[in-house]
Amino acid sequence: MSTDAATVATAASLRPLRADPEPAPPLAVLLELTHRCPLSCPYCSNPLQLVGVREELSTEQWLRVLEQAAELGILQAHFSGGEPTLRKDLPELLRHARAHGLYCNLITSGVGVSRERLQELQHAGLDHLQLSIQDSHSEGADRIAGYAGSHQRKLALARWCGELELPLTLNAVVHRHNAERVADMIELALELGAGRLEVAHTQYYGWGLKNRAALMPTRAQLDAVTAVVEDARLRLRGRLTIDYVTPDYYARRPKACMGGWAQRFVNITPEGKVLPCHAAETIADLHFESVRERSLGEIWRDSEAFRRYRGTGWMPEPCRGCEHRERDWGGCRCQALALSGRADTLDPVCEKSPDHERVLALAIAEASAPAPQFVYRRMRATTANLAAED
């Protein structure tokens, strides 16, 4: 799961589920405005095949999507990417979202955002900013991001949020290269005045799956991070909210991916495809409809891709008879496909799966071996190419 997805999944717990045939409206929509990005993060969960700028929805099309989201009953609009601030029309989109009663959250790398630009976005309707950090210090952070100077730019943006009284969440993606510095990242969140910190172990989709062997933490690292987070949650209660996303491969039970397939969350790609989760396009036999052709509400309610794994009717045994079936909803369909070759089976991280021990052994083997070099996404080169098309 990406960090933006973790945010929506956390917020989703605020809305109760409905079991009737008419699905409740999603709590939030994630608007992937563009795949352009200045960073080259080896854990990037965006698709392997990126959308070019000429394929992106136009301003008018995104405005219509925001109207349809409000009509559907969505409460939150999360503006993401890539790097969403590369869209020149972002202030207009924020104003339109606010005019339709949507809470506006920006998920950003923070690179290239000036104080004046941030203030413009706040005046347009931005309610909250989520800023990714790759480590607690510049050397490690810049190496992971593949961008010299990125960490200092992020710190500046975080401090401007404080000056402008704009609520701030830090997203810290954790893996074997920075796990020992989670305590330092917690202190950094306090220093920067963040109200919330997401400590999220890498989820292995997209480019992250390519770099799994380089990123997989050891069990000892996981246990140490968990202890640090649990201690900080108690010690800093009332000062800093800490959300924690554990690495699935070491788990005994799966997480409810995005609060359950097509139950609380909807994702819209730069070219307008509507997905139940960030990585859903990895399931090749599903056809995802576009807001260019149907309304968001119609797709949410009636699309075959959304209906296929919604609820419990699709489940095989032992999921169907499991007491957790309406808590974890069978786990992650994309992870099931990646680890077992089938999207319609139980998530292999579940201890009831016949693939569970193999997955655990894979995690231990990869974490125990010397870490290979990162395979960087080379997003800066891609961004330059995409920008040249604009």
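In UniProt, an unreviewed entry places the feature "binding site" at Cys37, Cys41 and Cys44; such positions are given in the numbering used here, feature names are shortened, and annotations may be inferred rather than shown by experiment. The model is predicted, so local features need pLDDT of at least 70 and side-chain atom pairs count only at pLDDT 80 or more, while totals for chains, interfaces and linings use all residues. Residues are numbered from 1 along each chain as its sequence is written, and side-chain values use heavy atoms, with hydrogens and water left out.

Cys37 lies in the loop between strand 1 (28-32) and helix 2 (59-72), where helices (H or I, at least four residues) and strands (E, at least two) are DSSP runs numbered from the N terminus. Cys37 has a relative accessible area of 12% and is therefore buried; buried means under 20% relative accessible area, exposed over 50%, and partly exposed in between (1.4 Å probe, protein chains only). Cys44 is found in the loop between strand 1 and helix 2, and its relative accessibility of 15% makes it buried. Leaving aside residues up to four places away in sequence, Cys44 touches Tyr205, Gly206, Trp207, Gly208 and Arg377, contact being heavy atoms within 4.5 Å.

With 5% relative accessibility, Ser109 counts as buried. Beyond residues up to four places away in sequence, its contacts are Pro38, Leu39, Glu83, Leu131, Ser132 and Lys154.

Which residues of helix 4 are buried? They are Arg117, Leu118, Leu121, Gln122 and Ala124. Viewed down the helix axis, these fall within an arc of 160 degrees, so they line one face of helix 4; the arc is that of the directions from the helix axis to the C-beta atoms. Glu116 and His123, on the other side of helix 4, are exposed. The cover over the buried residues of helix 4 includes helix 3 (90-99), strand 3, strand 4 (128-133) and helix 6 (150-163). After helix 4 comes Gly125, with a positive phi near 135 degrees.

Helix 7 (residues 182-191) has Val182, Met185, Ile186, Leu188 and Ala189 as its buried residues. Their arc around the axis is only 160 degrees, which puts them on the same side of helix 7. Packed against them are strand 4, helix 6, strand 5 (168-174), strand 6 (196-201), helix 10 (219-235) and strand 7 (241-245). Gly193 follows helix 7, and its phi is positive, near 80 degrees.
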